[in-house]
Amino acid sequence: ESRYFDARSRREDPVWMMVDVEFVEKFKEPVTLPQLKANRVLDGLLVVKRGQRLSIQPVEARHFRQILKMATFEVD
């Protein structure tokens, strides 16, 4: 009954996915796309690959930790 219903989607094989996100903390310094591209630790991060859109992308934990370090956060 939802206006967003997609007849191709099945519960066991969904067409669309959703995750809940919430604000935790603002970066002290923004991390720019050129900074991400220049950091070799972030090789493989989807957003730095040619042809990828600057939208929501999955991020591996190791990449996330490195980005937090670049934003001047302390990370374990």
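A residue counts as buried when its relative accessible area is under 20%. In this predicted model, histidine 63 has a relative accessibility of 1%, and therefore counts as buried. Histidine 63 lies in helix 2, which covers residues 61-70. Beyond its neighbours within four places in sequence, histidine 63 is in contact with Val41, Leu42, Asp43, Gly44 and Leu45.

The chain as a whole was examined next. Its secondary structure consists of two helices and zero strands. Of the 76 residues in the chain, 20% are buried; histidine 63 is one of the buried residues. The radius of gyration of the chain is 17 Å, whereas a compact globule of 76 residues would have a value near 11 Å. Along the principal axes, the C-alpha atoms fill a box of roughly 45 × 30 × 20 Å.

Contacts were also considered by their separation in sequence. Among those between residues at least 6 apart, 42% join residues at least 24 apart.

Surface and charge complete the description. The chain exposes about 7400 Å². Carbon and sulfur atoms supply 54% of this area. The chain carries 14 positive and 12 negative charges. The mean position of the positive charges and that of the negative charges are 8 Å apart.

Conventions. Residues numbered from 1 in each chain as written. Predicted model: local features only at pLDDT ≥ 70, side-chain atom pairs only at ≥ 80, totals over all residues. Heavy atoms only, no water. Helix = DSSP H or I, 4+ residues; strand = E, 2+ residues; numbered from the N terminus. Rg over C-alpha atoms; globule rule 2.2 N^0.38 Å. Buried < 20%, exposed > 50% of the residue type's maximum accessible area, 1.4 Å probe, protein only. Contact = heavy atoms within 4.5 Å. Areas by Shrake-Rupley, 256 points an atom, 1.4 Å probe, with all protein chains shown as cover. Lys, Arg positive; Asp, Glu negative; His and termini not counted. Charge placed at Lys NZ, Arg CZ, Asp CG, Glu CD.
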